[in-house]
Amino acid sequence: MLKPIITLMAISATGAAAHAQSSYPAAPQDGTVYEVFGMKVDDRFRPLENDTAAATLEWVKAENTLTESYLSRIPFRNDIRRRITALNDYAKTGMPSLENDGLYYWAHNDGLRNQSVIYRGKTPYAADAEVFLDPNSLSDDGTVALTGLFQSHDGRFTAYTISRSGSDWTEIYVMDTATRRLLPDHIEWAKFTGAAWDGDGFYYSAYPTPEAGKEFSNANEYHTVYYHRLGTPQSEDRVVYENRKEPLHFHSAKVTDDGRFLIIEGGGQGFGNSLYFKDLRDPDSKWVTVEESQDYILNVIDSTHDGKLLVYTSADAPRYRFVAIDTKDPARSQWVDILPEDPEAVLTDVNLLVNNRVIATYDRDAANHAYLYDPDGKFVEEIKLPTYGSVSFSSSRKSPEVFYNFSSFTYPSTIFSYDSQRHISAPIHATELKDFDPAAYVTEQVFYTSKDGTKVPMFITYKKGLKKDGTNPVYLYGYGGFNITLNPGFSPSRLFWLENGGIYAQANLRGGAEYGDAWHEAGTKMKKQNVFDDFISAGEFMINEGWTKPELLTIEGGSNGGLLVGACVNQRPDLFRVAIPRVGVMDMMRYHLFTIGWNWASDYGTADDSADMARYLLGYSPLHTIRNNGTPYPSILVTTADHDDRVVPAHSFKYAAALQAADTGSNPKLIRIDSKAGHGAGKPIAKVIDEWTDIYSFILHNLGRQPQK
């Protein structure tokens, strides 16, 4: 059983701590101490949970003033901003998608627009394409983001979803597709939803209207599926599916392409999702249960003309399979494999083509591989990809055209067309970077040994010719949770680090999906320490192999990765020079009480589960295990945002306040609090540039390095 390094109950005002406190703004505190299974937990900074209170707002203002003062004194900050801006200033184009109106739609950003613009044309990337929707026109500062487009089956109408200031709250609007005229229909307080069309309306999921002033912090309960008929007010929308016995479950709706089946996937308190369907052709049809539990992933891809559901699933297949489920007899014993489980790879995605051919994407050692199969699952060919990387496909059962998007660490997004009959791939849109040569860099994959002997893969990207002499700055990134695989991917801002002689290392920690459910479960609940051990071992590997030394090692992670960084700093402060915990889950004792935090219990467990679970969480919770004995800590820059209603800013607020109050040496412990921003999705490019400018300025300044260009 893990024991806390030190809990907040033990914080005392030593001379060094008192000196540290005098350098930082005084955080509001109320001396709260509460008991969990007989354990006393100090939560003295609980007032910071009220993010709209005057005292909290004053503290936020003071912290941002302090952080800006610190960063503004870094002499090369503006040089970094100019270079980050230049690296982001290139044309970015998404994959074309053939929609129900017979036109192709794609996203395009000509460089530094805050949000990408949606275009459409009779052919992909047509010279005479027209703007269909420009999200930049929805706000003055680019903080309204387009999160989805959903066209009706006949193509007459298009619903689109937006988020404001990075919030998970979703609004739905509807346009006349041909004329782009905005209709009066407007849905509010939706969340985790699209718009699933059926007839002259659509299904969507929403929560009850939240309490004023608590929109971004209160727990979300009773996720309900509604049907909205065009031309009617939201107040008249019909409840289609709800579960009043389970207020913490999600419920998402989709309609199969033929319009026959309404699908409800339920989640929120398990590793997977429940699955129900109804036959929309039969007005008297009842809900049919395929899977009641949330123990497995079941993702309906589509249906067949003879009434079968085509489903991607982990049921009886920890590395996933693709099956056909007869809606007349959906018992699991009757499921028919189209693509059975592969014992050596993880099935991650399935796309259907004309003539019911299948493109399957697999992960092999955390890199994507793609294969073409006949309708009966017979192998046809591998679709060769350029290198280690990530691939996504755009296809339709109505068209022979297939497009895919490939990228890797130094391989920017490139769009290919794929002819499944002639077995030919050809690039149709390649990203052109300014003043950066991808050929000057190399990516290799290594396998290192974690504390318990487990082999863990890691990608390492660096400039060719770099020597293993221990003098290289390393940026180590990890996540390790929620069944999420870290595949190789492209980031223009990361190029700044590489061109300045830095090494980027991406560790594929347990808790992710790199090797299926077993790999995920090995990093959950009372096995969470495996994730931290994997990350610490990655840092030790980079040092032992001669890549770097502790004085040049930076770690970063966001969300669950922010938790990772915070926990590892507390456990091994000697191993790292700089730490960047971004929008992290830092209070493991109370995380489940805010917005959708309860949804993470399947990975973490909660302090309410049992005394053992509470003790385990307290043993690694970043907020509660900060040392206070003079142990030198790395330089730390915490980041969060005022509209983050995924991981509420209270996590970072309380963690930063506790860091600043403790005796952890003289290195800076600062917090950067963004405004009109959320967890990260949809962030305007201007804010992205600002954030990476500050992160790299902080890192290089504290490594004692200066940018080379």
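A: A residue is called buried when its relative accessible area is under 20%, exposed when it is over 50%, and partly exposed in between (1.4 Å probe, protein chains only). The model is a predicted one, in which local features need pLDDT of at least 70 and side-chain atom pairs count only at pLDDT 80 or more, while totals for chains, interfaces and linings use all residues. Residues are numbered from 1 along each chain as its sequence is written, and side-chain values rest on heavy atoms, without hydrogens or water.

The helices come first. Helices (H or I, at least four residues) and strands (E, at least two) are DSSP runs numbered from the N terminus. Helix α10, residues 650-661, is mostly covered, with 12 of its 12 residues buried. Among these buried residues are H651, K654 and Q660, together with F653, Y655 and L659. The 12 residues of α10 reach 16 Å from the first C-alpha to the last, close to the 16 Å expected at 1.5 Å a residue; the expected span is 1.5 Å times one less than the number of residues.

Helix α4, residues 492-499, is largely enclosed by the rest of the structure, because eight of its eight residues are buried. Its buried residues are P492, S493, R494, L495, F496, W497, L498 and E499. After α4 comes G501, with a positive phi near 85 degrees.

Next comes the nonpolar interior. A nonpolar core is a set of buried Ala, Val, Leu, Ile, Met, Phe, Trp, Tyr and Cys residues joined through side-chain atoms within 4.5 Å. The largest such core has 78 residues, and those with the most contacts inside it are W59, M458, I460, L476, M542 and M589. Apart from it lies another core of 41 residues, among them L71, I74, I84 and Y475. Contact means heavy atoms within 4.5 Å. Leaving out residues up to four places away in sequence, M458 touches, among others, E444, Y448, L476, N508, F541 and M542.

H228 belongs to strand β14 (residues 224-229) and is buried, with a relative accessible area of 1%.

Most residues other than glycine have a negative phi. A366, not a glycine, has a positive phi of about 75 degrees; A366 lies in the loop between β25 (358-364) and β26 (367-373) and counts as buried at 0% relative accessibility. S559 also has a positive phi, near 65 degrees. S559 is found in the loop between β36 (553-558) and α7 (560-571), and its relative accessible area of 14% makes it buried.
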